[in-house]
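Please walk me through this model, starting with its charged pairs. Then turn to the overall fold and the surface.

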Amino acid sequence: MATDVNTGDSAGRIPPARSLGPVLAAIVGCEFMLQLDGTIVTVALPDLQNDLGLSAAALSWVINAFLLSFGGVLLLGGRLGDLFGHRTIFLAGTGLLAAASLLAGLAPGFGWLLAGRTLQGVGAALAGPAGLALLSITYDGERRQRAFGVYSTVTGLAAAAGMILGGVLTWAADWRWTLLVNVPVGLAIVALGARTIAPAGRAGVRPALDLPGALLSTLGMTAVVHGFVRVAEEGWRDPVAIASLAGGAVVLAAFALLESRAASPVLPPRVFTRRARAGALLDLVLLAFVLTGFLFFLTQFLQRVLGLDPLLTGLAFLPFGLALLVTARSAPTLIAKAGGPRNLAVAGLALIVVATLWLSGVNAGSGYLTAVLGPLVIMGVGAGSAIVPFNVIVMSETPPEDAGITSGVLQASLALGGSLGPAVLLTAFAGGGEDVAAGVSRAFLASAAVAGLAIVVGLAAWFLPSRTEAAD
């Protein structure tokens with residue numbers, strides 16, 4: 001066991017685990033709850049709208065408020081873990097998420113609901129990077145790969161599970177329980193984490209938080225995510241979307257300039273100096289782009305073309321979840337047989353290309369068994385084969401003092417790709433006109449091209465000779 005647990009570094013920031021199983025349970029339980037929040041409320045939106053009397057524009061902010069605060073605070077959340085301890089930030093973020101869920105679930109009106117959803121996003125942005133950092137520095141070797149496998153499986157399953165659980169809770173109780181369910185789960189995770197994740201000792205002087213950098217990173221990321229959310233809703237000609245994207249780009253450029261000169265930056269430039277890590281981060285953006293589009297547009301096809309209700313739609317995604325589960329759990333063995341995480345990641349991306357190309361053939365006469373089931377399984381295997389190696393590549397050789405911000409960048413890459421995907425693919429979807437199946441087909445064809453681009457990025461970053469890096 002001694003070889004699998006880091007017991008401390010010179011800064012005392014690595015939290016030793018008293019028990020590896022409960023620590024992993026706390027981390028992946030929290031991540032499941034975070035990912036669940038992205039979809040569980042979606043199926044309850046019609047009931048929520050009727051109960052609170054919301055307009056369509058106000059209803060969209062039930063989702064957007066979480067996305068904006070989550071995406072905006074991720075980089076800051078990751079750095080706070082490095083500075084103040086990942087255990088502290090993990091427990092604080094999970095507790096905030098539980099409290100915010102209670103506020104949103106009991107909200108008497110739209111204002112309180114919006115406040116609760118915004119605070120949920122902030123809590124998730126604190127807990128998510130801290131949990132991933134704890135996982136990275138608690139485990140070594142094959143145990144780390146297995147931990148990443150469990151973590152990635154949870155991430156992939158949460159979206160489908162959210163639709164199923166949201167449908168069940170809305171049918172059995174009402175929409176408020178899609179939010180209130182987080183309260184007991186969050187409190188249980190806080191109790192488990194507080195008992196099993198040992199506090200780290202601390203030596204030396206804690207670096208000061210770069211407040212200007214924290215402000216610019218939060219404003220810039222929020223503006224960019226907001227811009228892509230607006231594009232998905234209003235199209236690329238929307239002036240608010242264009243202004244938000246342009247403003248976010250300017251703020252992030254100023255942030256990058258500031259960080260290059262800061263003594264203790266929020267985002268140290270060294271995070272991107274390893275070409276393998278930079279390539280994996282870019283591929284995570286592209287992978288999130290494809291997977292978000294896959295979930296969104298296949299849902300459109302299942303409901304609007306095949307006529308499935310929300311609960312059956314969630315159940316229809318089970319083959320994807322099961323395939324991802326089996327593949328991700330086998331990740332250490334697959335990585336060894338493939339000759340390393342890079343080879344397995346490229347193979348996974350190739351399977352995703354196959355799945356999206358197959359789905360691009362759907363039409364109004366397509367059925368679930370002949371046109372959807374096969375691609376679902378292939379997509380699950382491909383996603384499971386790619387996500388775990390990406391996590392390993394990004395987090396490997398990351399020094400403990402940068403584990404939090406590297407985790408934040410990883411999750412920010414997923415958030416950026418997740419918001420960018422629907423914004424771009426809706427343009428392809430619109431090319432189908434009134435024919436929903438034709439629009440879905442065009443969206444999946446574009447997704448296949450993006451997955452192909454991810455393969456090119458991976459090959460260039462991981463296999464071309466480099467003068468500055470030795471091959472891993």
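Searching the whole structure gives five salt bridges, each a side-chain nitrogen of Lys or Arg within 4 Å of a carboxyl oxygen of Asp or Glu. This is a predicted model: local features need pLDDT of at least 70, side-chain atom pairs count only at pLDDT 80 or more, and totals for chains, interfaces and linings use all residues. Residues are numbered from 1 along each chain as its sequence is written, and side-chain values use heavy atoms, with hydrogens and water left out.

Side chains of opposite charge can pair when their charged atoms come close. Take Arg176 and Asp51, which meet at 3.9 Å, N to O. This pair links distant parts of the chain, 125 residues apart. Arg176 sits in the loop between helix H6 (141-172) and helix H7 (177-180), while Asp51 belongs to helix H2 (residues 45-52). Helices (H or I, at least four residues) and strands (E, at least two) are DSSP runs, numbered from the N terminus. Arg176 has 18% relative accessibility, so it counts as buried. Asp51, at 47%, counts as partly exposed. The cut-offs are under 20% relative accessible area for buried, over 50% for exposed, and partly exposed in between (1.4 Å probe, protein chains only).

Arg79 and Asp82 pair at 3.1 Å, N to O. Both lie in helix H3 (residues 56-84), three residues apart, about one turn of the helix. Elsewhere, Arg230 meets Asp238 at 3.0 Å, N to O. Asp238 is buried because its relative accessibility is 11%.

Now the overall fold. The protein has 19 helices and zero strands. Its C-alpha atoms fill a box of roughly 65 × 55 × 45 Å, taken along the principal axes. Buried residues make up 56% of the 472 residues. Thr196 is one example, buried at 5% relative accessibility. Thr196 lies in helix H8 (residues 182-196). A polar atom of its side chain is 2.8 Å from the backbone oxygen of Leu192.

What forms a nonpolar patch on the surface? Val168, Leu311, Leu312, Leu315, Leu318 and Leu322 do, with about 480 Å² of accessible area together. Helix H12 (310-316) and helix H13 (318-329) are the elements that give two or more residues to this patch. H12 gives the most, with three residues. Leu312 is found in H12. Its relative accessible area is 44%, so Leu312 is partly exposed.

Notes. Polar contact = N/O pair within 3.5 Å; in protein donor to acceptor, adjacent residues only side chain to side chain. Patch = residues over 30% accessible without salt bridge, like charges linked within 9 Å, V, L, I, M, F, W, Y side chains within 5 Å. Areas by Shrake-Rupley, 256 points an atom, 1.4 Å probe, with all protein chains shown as cover.
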